[in-house]
Amino acid sequence: MSKNMAEDRVEEKREIKKKKELGGLRTMPFILANEICDRFASTGFHANMITYLTEVLNMPLVPASNTLTNFGGTASFTPLIGALIADSFAGRFWTILVGSIIYELGLVSITISSVLPSLRPPPCPTKENCKEASDLQLWILYISLLLTSLGTGGIRPCVVTFAADQFDMSKSKVASRGWNFFNWYYFCMGMATLSALTIVVYIQDNVGWGWGLGLPTIAMALSIIAFLVGSPLYKKLKPGGSPLVRLAQVIVAAVKKRKADAPADPSLLYENKELDATISVNGRLIHTDQFKWLDRAAIVTEGEATCSNPPNLWRLATVHRVEELKSIVRMLPLWAAGILHVTSSSHQHSFTIQQARTMDRHLSPSFQIPPASLSIFSILAVLIGIVLYERLFVPLARRFTGNPSGITSLQRMGIGFMVNILATIVASLVEIKRKAVAADHNLLDNPRAIIPISVFWLVPQFALHGVAEIFMSIGHLEFLYDQSPESMRSTAIALFWIAIAMGNYLGTLMVTLVHKYTGKSRNWLPDRNLNRGRLDYYYWLVTGIQVLNLIYYVICAWLYTYKPIEEVVDGMEEDDADLARGGKDGSGDGDVELARNGTVQAQR
């Protein structure tokens with residue numbers, strides 16, 4: 001028997017060694033190449049698509065805009081479906097691969113339609129009495145957009161989590177590294193977006209739509225190849241079953257035992273390491289005192305205590321599974337704050353472009369900056385700001401906080417909220433200045449006139465929005481990954497995209513209501529003449545909403561309890577792991593309290 005145990009130990013060590021050999025920095029060129037090419041393709045595809053629909057397919061502006069909005073909203077909700085598939089049974093690797101292939105099919109179909117004359121209406125340079133796209137041509141467009149939306153659902157929630165899976169993301173390991181994965185992930189995405197906005201849009205406008213759509217199609221194909229080449233090197237975590245089913249099981253079990261008395265000693269609640277093995281690879285969640293009503297799901301009754309069969313999970317849940325649900329419940333209020341953050345800034349880009357059209361955009365007598373290109377300043381601020389954040393801000397903050405990351409993800413998000421408020425205030429002041437210059441030159445009633453004020457007055461608000469993104473968006477992404485249960489991380493990242501979708505929809509509702517109820521003569525957001533509008537009032541309204549949202553966020557962050565986890569480190573025996581956790585006799589309560597602000601390490 002001892003011989004068999006020794007052989008089992010040797011086999012276990014081999015498995016551990018094999019796992020250690022997978023993942024790491026060497027996988028990043030393949031995974032990030034996939035994501036960079038995907039971001040390059042998606043940005044190049046969508047950035048100028050309104051022009052393709054109106055100029056090539058001869059669609060009217062409103063139906064074209066609604067088409068892109070509808071499919072854009074679909075693309076923001078499909079990540080939840082993709083995340084549930086990845087976390088439930090498919091795994092992140094296969095979800096990314098299948099999603100990429102579906103996305104590629106969408107790009108190929110629309111590229112072919114842009115090249116073949118029979119799949120698009122005849123050109124209409126005069127823009128009068130144009131022949132619109134036929135039903136067949138529109139169906140090809142809709143199928144292409146639907147395929148890209150479905151493909152996005154497999155890519156967006158899984159790539160960042162799959163890339164993070166290649167590293168040891170435990171607090172101890174993250175603290176020992178001199179760089180932040182999420183910062184550099186976002187930096188790579190910013191570079192891809194910047195390249196697409198400059199290269200692809202230029203080709204679409206000046207060379208042709210065949211190459212303009214063909215280039216993103218080729219980039220996406222290369223991303224799939226790069227992702228497949230690195231396959232033998234990846235660390236692929238097994239999916240742990242449907243997270244929604246597990247959450248439902250905890251709720252049902254708690255309801256069934258609502259009249260049961262919870263034990264005073266939390267260590268008497270049900271735990272099963274073997275049952276939770278696939279959903280707690282990096283460590284089990286430790287019992288917390290919050291939402292104690294849910295603890296009833298883990299109460300072991302007399303009949304269940306004497307039963308040797310596997311438990312009925314609809315009647316008895318482990319502490320780890322109860323804490324998974326608690327973690328999600330704790331995260332949701334903070335996640336919701338991100339929705340109003342997106343709502344407040346969802347339409348500012350569109351209004352800023354309209355402002356830019358009325359301002360002096362000349363860099364030289366013969367060259368003007370395209371209004372839509374001003375977003376480059378926001379991306380440049382993100383790229384430069386990430387480097388400065390990593391190399392200057394973090395070391396400086398570390399001296400005062402003692403935190404290896406400089407500040408926590410919650411503090412980072414809070415700073416992002418404040419910077420975004422400052423950006424909106426600056427936008428309001430610039431609009432006041434623009435209208436004052438227009439009034440001085442008697443141009444208020446001439447919406448097509450170029451007001452003698454430089455378009456570079458708009459650059460500070462773009463730069464501030466970029467800085468806010470460094471703090472808020474990256475902090476939000478890091479928070480969702482770090483604080484979600486490890487078996488639900490793809491689902492948690494999907495929430496990031498759903499917050500963006502919900503924020504954009506709420507932003508559209510807010511703009512519609514402001515336009516409807518601010519009168520006809522002095523409407524804040526007029527249809528034609530922005531000079532006679534009250535865009536600055538709208539910015540002050542947005543500022544007020546953001547201030548209220550910041551207060552709400554600060555309260556939620558103040559009350560938030562960090563996810564307590566028992567980190568598993570290779571090296572000690574199982575009994576030592578129990579000792580590191582505080583034992584099973586109830587003597588570990590002090591360790592659990594400490595774990596709320598950090599982790600308890602259990603080695604194996």
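Mentor: What follows is a chat about how the labels on this predicted model are reached.

Trainee: Let's start inside. Which residues touch the most other members of the largest nonpolar core?

Mentor: Those are Y52 and F181, in a core of 79 residues. Helix α6, residues 135–165, gives the largest share of this core, with 10 residues.

Trainee: And what does F181 touch, apart from residues up to four places away in sequence?

Mentor: Its partners are M28, V160, A163, A164 and F167.

Trainee: Why is T217 called buried?

Mentor: Set the value against the cut-off: buried means under 20% relative accessible area. T217 has 9%, so it counts as buried. T217 sits in helix α9, which covers residues 209–229. Leaving out neighbours within four places in sequence, T217 has contacts with E104, L107, V108 and T111.

Trainee: Now the cysteines. What makes C158 and C188 buried?

Mentor: The same cut-off of under 20% applies. C158 has 0% relative accessibility, so it is buried. C188 has 18%, so it counts as buried too.

Trainee: How many disulfides are there?

Mentor: The count is 0. To be a disulfide, a pair of cysteine sulfur atoms has to be within 2.5 Å, and by that rule the count comes to 0.

Trainee: On to charges, then. How many salt bridges does a search of the whole structure find?

Mentor: It finds 10 salt bridges.

Trainee: What makes R246 and E324 a salt bridge?

Mentor: The rule asks for a side-chain nitrogen of Lys or Arg within 4 Å of a carboxyl oxygen of Asp or Glu. For R246 and E324, the closest N and O atoms are 3.1 Å apart, and the pair forms a salt bridge. R246 is in helix α10 (residues 243–256) and E324 is in helix α12 (residues 319–345), so the pair ties together parts 78 residues apart in sequence.

Trainee: Are R246 and E324 buried or exposed?

Mentor: R246 has 5% relative accessibility, so it counts as buried. E324 has a relative accessible area of 0%, so it is buried as well.

Trainee: How do you know that E271 and R284 form a salt bridge?

Mentor: Their closest N and O atoms are 2.9 Å apart, and the limit is 4 Å. The pair links distant parts of the chain: E271 is in the loop between α10 and β1 (283–285), and R284 is in strand β1, 13 residues apart.

Trainee: Why does D445 count as exposed?

Mentor: D445 has 58% relative accessibility, so it counts as exposed, as the cut-off is over 50%. R532, at 31%, counts as partly exposed.

Trainee: Last one: which residues are linked in a network of salt bridges?

Mentor: D87, R92 and D165 are.

Key:
Residues numbered from 1 in each chain as written. Predicted model: local features only at pLDDT ≥ 70, side-chain atom pairs only at ≥ 80, totals over all residues. Heavy atoms only, no water. Core = buried A, V, L, I, M, F, W, Y, C linked by side-chain atoms within 4.5 Å. Buried < 20%, exposed > 50% of the residue type's maximum accessible area, 1.4 Å probe, protein only. Helix = DSSP H or I, 4+ residues; strand = E, 2+ residues; numbered from the N terminus. Contact = heavy atoms within 4.5 Å.
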